[in-house]
Structure formats: C-alpha cells, structure tokens
Amino acid sequence: MCLRCDRPEFASATRLSAASPWNPRRAFLLAAAGAALAGPALAQVNVGNASVARNLVPADKIEAAGVQHYGQLLEQARAKGALAGENNPQLQRLRAIAGRLIPFATPWNSRARDWKWEVNLIGSKQINAFCMPGGKIAFFTGILEQLKLSDDEVAMVMGHEMAHALREHARARMAKSAGTGAALSIGAQLLGLGQVGDMAARAGTQLITLKFSRSDETEADLVGLELAARAGYDPKASVSLWKKMAAASKNQGGLNFLSTHPTGPDRIEKLEANLPKVERLYRDAKKS
C-alpha cells in the first residue's frame with residue numbers, strides 16, 4: 001500500500017523550495033557556503049538548520065537507493081513468508097498512524113511532497129523500525145510485541161524514523177564519510193557527480209545500519225515529537241517509549257534498533273524539556 005499525502009501541510013508553515021540544489025558547477029560552493037534548509041517557521045521545537053554537508057550527495061540518488069533496497073528487503077521477507085498481508089491488523093494499525101503523521105511532513109522537507117510513502121510490517125523478533133530516504137517505512141513485529149507499544153508510542157517511533165528521512169541524516173552522513181578523503185575530490189564534483197554520486201548509488205545496504213550522531217538523534221527525537229503531537233498523539237508517550245527502550249537494552253537479543261538508537265537519561269531529559277512546547281499542538285489536534 002502506498003500512502004500519498006494530498007492534504008495541506010499545517011497552516012502558514014514556510015514552503016521550502018522544491019528546486020534541487022544539485023548543479024555540477026556550483027554543487028561544492030552550495031554545500032560549503034549555501035544556507036541550509038531550516039525547519040518550518042512555525043515549528044515549536046528548535047533543531048536549527050539541516051546539515052549543509054548533505055548537498056554534496058544528490059538527494060535523488062540517495063532516495064533511489066532507498067527505494068531499491070526497500071524493495072529488496074520486502075522481496076526477501078515475502079520469500080520467507082514474513083511480509084504481513086494487506087489484512088493484517090497490525091499492518092493496518094501502522095498505516096493508519098502513518099496516515100495521520102504524513103500530512104505534517106512536507107514543511108520539514110519539500111521533497112517529501114513527491115515521496116511515494118509506503119508502510120510495511122515484517123515478521124521478526126528484532127526490535128527494529130526504519131524509514132528509508134524517500135519515505136519507505138518498515139516495522140518489525142518484535143518492536144510492537146516485545147515492547148507492547150501503544151498507538152501513541154508507535155507514533156513516536158514512526159515520527160522519529162520519518163524525521164531521520166526528512167532531515168536527510170543518511171544523506172549527510174554519507175557525504176561526510178566520503179568527504180574525509182581529498183576534500184570530496186573537488187575537481188570531480190565541479191565537473192559531475194564523480195565518486196560521491198557513485199557512492200550514493202551503491203548506498204542501499206547502508207541505509208538501515210547507519211549510526212547517526214548524537215545531534216542527529218536529538219533532531220529526530222524532537223522533530224518526531226512534533227510530528228506526532230500535530231497528528232494528535234500524546235507527546236508524553238515519547239518518554240514512556242524510551243523508558244521501554246532502556247529496559248529492553250538490558251536484554252540479550254533482538255536489539256538492532258537499539259544498536260543505532262542508543263538510550264540514556266539525557267535523551268529522556270531532552271524530551272521532557274520539550275513536552276511543553278508541543279502540548280498545545282496535541283491539545284488542538286485532539287479537539288479537531
């Protein structure tokens with residue numbers, strides 16, 4: 001099932017330019033000195049500007065890699081009989097939650113307007129969930145069943161993963177990784193995509209195993225918190241979710257999600273500090 005968002009983004013939010021910044025002759029200058037896309041003007045959480053490093057890797061290449069690898073993962077799950085069918089109640093639940101979150105995604109990234117959002121459920125004991133660049137979401141049954149997540153907590157996980165895609169953390173991480181050598185081969189970048197474009201095209205298998213920085217994780221927490229609150233999900237669930245995650249981290253198995261999403265008291269403290277900023281959004285959403 002493909003979830004396309006045709007509903008308007010939240011009122012008066014700044015519309016970000018849909019034009020791609022990737023032009024071979026000015027890509028390096030844009031990445032090095034151009035202004036990064038900020039969050040929406042009316043955003044309640046403060047996450048600052050998105051990383052300029054991401055401009056060194058074409059967004060369409062990363063998104064295409066995500067779509068391709070996502071399709072491969074679904075085929076593998078289907079071959080094992082692990083891909084949930086259309087009538088699966090848990091899958092329908094996930095898609096209903098996504099349907100409420102997606103309309104609030106575009107103000108955070110104008111490209112999301114054209115993403116072909118998709119949500120699927122994979123049968124596995126792993127505690128895991130992800131959102132590929134391009135809006136490809138997957139949950140593993142383990143995270144729902146082992147943590148016994150409420151709808152509000154599922155929305156916090158989903159919002160967090162969507163935020164990684166919207167803030168283009170994978171794109172930025174890959175650009176920074178490639179940029180550790182030869183200043184991203186500046187000459188090649190001025191003439192074409194060069195090695196960074198090739199790296200993006202081969203990136204699929206890395207997209208669900210990337211370990212994001214602490215600042216990336218904080219951004220995803222806060223943007224996800226706001227997405228969920230605007231969609232009418234209780235922001236306090238972000239705290240109960242990460243307490244469950246912390247408890248699960250003490251167990252021995254199925255912790256793929258936790259290997260790339262470390263828990264800790266500082267994470268919960270930051271979420272608690274931001275709850276007052278989104279409470280009104282939640283109350284207004286519940287009224288409407």
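Buried means under 20% relative accessible area, exposed means over 50%, and partly exposed is in between (1.4 Å probe, protein chains only). This is a predicted model, where local features need pLDDT of at least 70 and side-chain atom pairs count only at pLDDT 80 or more, while totals for chains, interfaces and linings use all residues. Residues are numbered from 1 along each chain as its sequence is written, and side-chain values use heavy atoms, with hydrogens and water left out.

Q: Why does lysine 148 count as exposed?
A: Its relative accessibility is 65%, and the cut-off for exposed is over 50%, so exposed is the label for lysine 148. You'll find lysine 148 in the loop between helix H4 (141–146) and H5; helices here are DSSP runs of H or I with at least four residues, strands are E runs with at least two, and both are numbered from the N terminus.

Q: What makes the phi of lysine 148 worth a look?
A: Its phi is positive, about 50 degrees, and lysine 148 is not a glycine. Most residues other than glycine have a negative phi.

Q: Which label does glutamate 168 get, buried or exposed, and why?
A: Glutamate 168 sits at 9% relative accessibility, so it counts as buried. Its spot is the loop between H5 and helix H6 (169–178), and its phi is positive too, near 55 degrees.

Q: Which residues make the contact of H5 with H10?
A: Contact means heavy atoms within 4.5 Å. From H5 the list includes Met156, Val157 and His160, and from H10 it includes Leu241, Trp242 and Met245. By class, the contact has six nonpolar, three polar and three charged residues.

Q: What makes a set of residues a nonpolar core, and how many residues has the largest?
A: The members are buried Ala, Val, Leu, Ile, Met, Phe, Trp, Tyr and Cys residues joined through side-chain atoms within 4.5 Å. The largest core here has 56 residues, and Leu101, Trp117, Phe139, Ile143, Met158 and Met162 have the most contacts inside it. H5 supplies the largest share of this core, nine residues. Another core, of eleven residues, lies apart from it, with Leu73, Ala82, Leu83 and Phe130 among them.

Q: How do you know that H9 is mostly covered?
A: Count the buried ones: 14 of the 17 residues of H9. For context, 53% of the protein's 288 residues count as buried. Helix H9 covers residues 214–230 and reaches 24 Å from its first C-alpha to its last, close to the 24 Å expected (1.5 Å times one less than its number of residues).

Q: Why is aspartate 216 called buried?
A: Aspartate 216 has 9% relative accessibility, so buried is the label. Aspartate 216 lies in helix H9 and touches His164, His169 and Arg173, leaving out residues up to four places away in sequence.

Q: Why does glutamate 269 count as exposed?
A: At 52% relative accessibility, glutamate 269 counts as exposed. Glutamate 269 belongs to helix H12 (residues 265–287), and its C-alpha is 8.6 Å from that of valine 239, 30 residues apart along the chain.

Methods. Ala, Val, Leu, Ile, Met, Phe, Trp, Tyr, Cys and Pro count as nonpolar, Asp, Glu, Lys and Arg as charged, and the others, Gly among them, as polar.
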